[in-house]
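Colleague: Could you take me closely through the sheets of this model, and then through the helices that pack on or beside them? Please state the cut-offs behind each term as you go.

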Amino acid sequence: MDQRGKAYIDQLEREHHLAFDEYVYLLKNRSDELAEYAAKKAVAVRQHFYGNAVYTRGLIEFTNICKNNCLYCGIRRGNATVERYRLSEDEILQSTEEGYQLGFRTFVLQGGEDPYYTDDRICSLVRKIREQHRDVAITLSIGEKERESYQAFFDAGANRYLLRHETANEDLYRKLHPEEMSWKHRMDCLRTLKEIGYQVGAGFMVEPPYQKVEDLAMELQFIEDFKPDMCGIGPYIVHHETPFRGEKSGTVEMTCFLLSLIRLIYPEILLPATTALGTMHPRGRELGIESGANVVMPNLTPVGVRKQYELYENKICTGEESAQCRGCLDQRMKSIGYELVIDRGDRFGWNRR
Ligand code: SAH
């Protein structure tokens, strides 16, 4: 066993911090043995705060219309081959109602940056979900906005916001996004969301084109410093209708290792075993949980349009009804000794206002 790597993992468990070069060492020297060592510790830490409970969020992908042109994303503006859709307010409210009946106590409304969904329309939607059910947490994941908009959504009743930072390295950000997009603005958005009082989810893709282990070390340092309440990470998966066609997808191994390291950096963090992870391996989400993750996000999007929210190729869970999707995950979690719980799933220690 790599004694130096092991010592760094022990240190991370104790101090929740490593130097940049120490992270680089771990990432460069990942082995199955070392990853297993980290996963064991990560699971023990997670167990301490969350036991065997796995939180679940109902994901509603309400529009695939997007004004942005991110180079890796299948629903980028420049992809003329994807059939576009937008759910109406009523359709979304039907999905949340169905989700509530299935036992979901939190919903994630995710979409492309669709100009139809103005601040007023988002606020109206949030208020209506809040009227439907007082006891749910409402999460928005609709990209970069200005402070006034984030504040208005919050005042309307939104509790959480997911905005993956995508990368902590501005140079890498530039290689993954067109000129018109700004890394600084995205980072400012995250700080603003935190200031307003949202539970905030950041996150990044694992092994997109151009990413080096040094970049991943920067991601880990960013988690140390910013301490997002949640961190969504999944392997980058190639999509043939993007400029990155022909590139390689990220690996399950590296993603799971990072999940373990992030759990050790910030023990109480909410960590999803993502759909992208499940797409890259038939037991991807189980492997994620066994590496330290504690959240899954089954799909509640109406099946009729689900295939069209194609961020990447071969996305799983696009063919079955919401109830089946939940049932399937229920079984998967049970099979490895965990339990999907009916709960808002706040971060441990979060002070509910
Ligand atoms: N418009 C919203 C939601 C974006 S989609 C926003 O800007 O926040 C949600 C996440 O999917 C992205 O943040 C990105 O990290 C991830 N994603 C996009 N394309 C992907 C791909 N090809 N492979 C893996 N993940 C991808």
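Modeller: In this predicted model, 3 strands form an open sheet in the order 8-1-9, with parallel pairing; strands here are DSSP runs of E of at least two residues, helices are runs of H or I of at least four residues, and both are numbered from the N terminus, while two strands pair if DSSP finds at least two bridges between them. Strand 8 (295-296) and strand 9 (339-340) stand at the edges, each with a single partner strand, so one side of each has no neighbour in the sheet. Strand 1 (residues 53-56) pairs with strand 9 in the parallel sense over 2 bridges, and Ala-53 stands opposite Glu-339 of strand 9.

Residues are numbered from 1 along each chain as its sequence is written. Local features need pLDDT of at least 70 and side-chain atom pairs count only at pLDDT 80 or more, whereas totals for chains, interfaces and linings use all residues, and side-chain values use heavy atoms, with hydrogens and water left out.

A further open sheet is formed by 6 strands in the order 2-3-4-5-6-7, again with parallel pairing. Its edge strands, strand 2 (58-63) and strand 7 (230-235), each pair on one side only, and neighbouring strands of this sheet are turned by 20° against each other on average, direction ignored. Strand 6 (residues 199-206) and strand 7 pair in the parallel sense over 6 bridges, and the bridge partner of Val-206 in strand 7 is Pro-235. Helix 5 (residues 119-132) packs on the sheet, touching strand 2, strand 3 (106-111) and strand 4 (137-141), and its direction makes about 155° with that of strand 4; contact means heavy atoms within 4.5 Å, and angles run from 0 to 180 degrees between N-to-C directions, with axes fitted to C-alpha atoms, for helices over the stretch in contact. Helix 10 (residues 252-265) lies across strand 6 and strand 7, running at about 165° to strand 7.

Turning to a pair of helices, helix 1 (residues 3-15) and helix 3 (residues 32-50) pack at an angle of about 15°, with their axes 10 Å apart. That makes helix 1 roughly parallel to helix 3, a term that covers angles under 35 degrees. In their contact, Gly-5, Lys-6, Ile-9, Asp-10 and Glu-13 of helix 1 meet Leu-34, Tyr-37, Ala-38 and Lys-41 of helix 3.

For the whole chain, the secondary structure comes to 14 helices and 9 strands, and the C-alpha trace spans about 60 × 45 × 40 Å along its principal axes.

Technical notes:
Angles under 35 degrees count as roughly parallel, over 145 as roughly antiparallel, 65 to 115 as roughly perpendicular and the rest as oblique.
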